[in-house]
Amino acid sequence: MPITYTDSRATFSGNCKIDEAEGLRAHLERYPNAEVEMTSCEQIHTTILQILIAAQTPVIAPPTNVFLLRCLSPYLKQPGNSSPE
Amino acid sequence: MDAMLDQYIIESRECLQLGTAALLSLEKTPDDPAEIDRLFRSLHTLKGGAGLFALTPLIRATHAAEDVLDSLRERRIALTRELSDLLFGVIDQVAEWISSLETQQKLADNADEISTRLIDELERYRDHKKPSSASRFAVPDNLEWQSRLTAETWLDNTSGAAGALTAVIYTPDSGCFFSGEDPLNFIRLLPGLCAVYIEPAIALPPLAQLDIYACQLKFYALSRASQREVSQYCAHLEQQIAIAPVPMSAPQTATPANDEQAIFYRIMQAQLRVLQLPDLFGQHLPHLKAALQTIRNALGFMQKEQPLLLLDAVARQATQDKNAEPLRRFIADLIAPEDPPADERERKNPVTGKNKTSSRFMKVEQTKIDQLIDLIAEMAVAKNGLLHISQQLQSQQNSPAISRSIKDHHALVERIVSDMKNIAMDVRMIPMSTVFQRLPRLVRDLAQQLDKKVQLVISGEETQADKNIVEALAEPLLHLIRNSLSHGIEATDERMAAGKPGVGLIELSAIHQGENLVIKIVDDGRGIDLGAIKEKALHKKILPAAEITGLSDQETLNLIFLPGFSTSAEVSDLSGRGVGMDVVKSAVESVGGAVTIDSGSGSGTAITLLLPLAILVNQVMTVKVANQLFGVPLSKVRQSLRLPMSAISKFRNRDSFLLHEEIIPLLRLHTLLDLPEPSGSSGLAVLLVQTRHGRIGVAVDDFANPIEVIIKPMDGILRTLGNYNGTALQPDGTVLLILNIEGMIDAHYLHR
């Protein structure tokens, strides 16, 4: 599973495709204070990025993949911050 | 995924056929914009679908062809024979790729190389005065977005390095996920990517209301690759992408070429941000009003009259619905890259079919229909068992009431099955155009190759027949048309010398005649040289010299249906590869049809194919020979006769009888089947069979009832038994051998 859920935390790894989208959205809706861990994530589908931006979910561990990190950088926020930028 | 690929393959073949037809028409009327559009649309649809399966070589080649068609449409270049050949080359190559996709689920290994070669050739024709379509939509002059490309968005630490950059702004179609596109991944693979910034194209709604399958992001990127390389990579997304060269210092110091435009852009961007405030119709209503007034002023200043007129209506609606989304979209559209032309929008995604009017048709896999039809056919045969039981009850158990009741039910089932049969057969009926449409292209290419002038006139394309029959005709028709062109139609000077028009004529027609489909291929060529046929038969020792001399004209013509017979003096690569009319004959006969030929020296040739409209259940006549039952397809039997022995006489030393003043040769089925001769009969039961040797009488011991059966072809080694077409189950469950009566008669005449 590219995204695993442990309580409120979603841990991304490898390539997260479009079929993960519904599950991620459901998780983020269920846990408004959810956190995302992306260290070992290599690639995400556009819609996964869109969900993360829309939910303004805090990424507690940013991806090591440079492209992904750059894509997410304007939206990365530490837990507890209120603004995405 | 396989089902999607199957669907794409089916649709691609339709597109290729449409494209071929359009290009053929375009050759005749090179200025017809409707035909250019038709060709463009078919390539565009092919290209669109290819995006789903990442068929990059196909996408690139079709895109380059579209560019050429654009130049053609705008009359900046003209359609020459060479260009037309090249476009046909693209169509052929795509057809080859589709076939390879079907058999190997991928394009051939050299696809990239071939695609590049085609693109290079197409590039020679494209009008280079106009930029390629990939750069048709401009990056906003002010490059305001570049200010967002901070050090954080650069993929490496070269943001200050010198060198030219190419800017890309990508606003994907909101439905792009349904075409298999993943814009983020597309940007990831952008050649020379060095910086990326992504933002919502519109303010994203709360997660609960977010349509996660609609792409609402916008992508900004910088690349170190050349504009040409980036354009090629983005070619298939032309309507969603803007590409422009950027000097390296641009991100920090860009000054817009047009100040007013830049100011307008910035103002609108700022208002958009205001419109993204929460509770816009409550707490932030004053901000909304102020923003609207600013937008009005800006539009007025820029003399954008139409948006100005629309703005109030959109704002009113937004206030009424308490939904700012349409308003945000309206403003975003005003500062978005130039809209694609209306006709581009109309031919949007071919795969999701979003812009198509919903169709009342549905596509069904043919095997499903075949299975349904087979079951109905079996039911049609099985119902006959009821009649058999009813007869048994009446004769053996003396139960007339039950027998009558079964008979009544049989009648009811028969009516229902008959209706089902008609509807099911109708489902599988397709027009002849399915196979006819390949022929104009063949004639064009062959005529060019042979340096002959010929006109192909097709009629009756709409005539329908069972899909299996129509498809079985594809190869025979190709062969017959090739024959007409290479052997029938003469070179122009030869025609002129014979007092004929310089342009040869081949007429192809299809009509319904009763329960049959009749296809005629008539040419006005040199006709078939009977003397040459006889010489060849003699040379190939097909018949003894004495017999050849005695053959009638029709019998001589029929020799060309014998295996390996070819009338062409030279074996060309067009129609003489050791296959000939015998192949046509067996293909047509395999679907229950027959071929006849008529030709006069110098006055052309007419070939007629007589076919059933559909094959579901076969009517067979059952006959008795040496106490065994055999079936003969009723379609082969013209008449059944009972003749006294005295009616038989010898003509040219062969048994014959006279019917309507015609001498009919008589053969005996027991001799043909090598079975014992019946004894002590006072008369003969004779089937009158129509063959290409003329009408022949075949004597049997007795006739039994005609029945409906499903003929199953012989399997394995039994297939080599030329005397039989197949087997069928009788209503009482016993197996009936179905005779290949024509084949037996042919064999008899051949080995006589």
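Reply: Below we take some labels one by one and check each against its definition. This is a predicted model, with local features needing pLDDT of at least 70 and side-chain atom pairs counting only at pLDDT 80 or more, while totals for chains, interfaces and linings use all residues. Residues are numbered from 1 along each chain as its sequence is written, and chains are lettered from A and ligands numbered from 1 in the order in which they are written.

Me: What makes up chain A, in helices and strands?
Reply: Three helices and four strands, in the order β-β-α-β-α-β-α along the sequence. Both are DSSP runs, numbered from the N terminus: helices are H or I with at least four residues, strands are E with at least two.

Me: Why is A:Gln56 called partly exposed?
Reply: Buried takes 20 or more other C-beta atoms within 10 Å of a residue's own, exposed takes 12 or fewer, and partly exposed is in between, with C-beta atoms placed from the backbone. A:Gln56 has 15 such neighbours, so partly exposed it is. A:Gln56 sits in the loop between helix H2 (46–55) and strand E4 (59–61) of chain A. For the whole chain, 36% of the 85 residues of chain A count as buried.

Me: And B:Asp451, buried or exposed?
Reply: Exposed, because B:Asp451 has 8 other C-beta atoms within 10 Å. B:Asp451 is found in the loop between helix H17 (439–450) and strand E6 (454–459) of chain B.

Me: What is there to say about phi at A:Gln56 and at B:Asp451?
Reply: Most residues other than glycine have a negative phi. A:Gln56, not a glycine, has a positive phi of about 50°, and B:Asp451 has a positive one near 55°.

Me: Why are E14 and E15 of chain B called edge strands?
Reply: Two strands pair if DSSP finds at least two bridges between them. The open sheet runs E14-E18-E19-E17-E16-E15 in chain B, with mixed pairing. Strand E14 (637–644) and strand E15 (649–651) each have a single partner strand, so one side of each is left without a neighbour in the sheet.

Me: What makes E15(B) and strand E16 (residues 654–659) of chain B a pair?
Reply: They share three bridges, in the antiparallel sense, and the pairing cut-off is at least two. B:Lys650 has B:Asp655 in E16(B) as its bridge partner.

Me: What does chain A bring to its contact with chain B?
Reply: Chain A gives 22 residues, and chain B gives 22; contact means C-beta atoms, placed from the backbone, within 7 Å. H2(A) supplies the largest share of chain A's side, eight residues.

Conventions. Contact = placed C-beta atoms within 7 Å.
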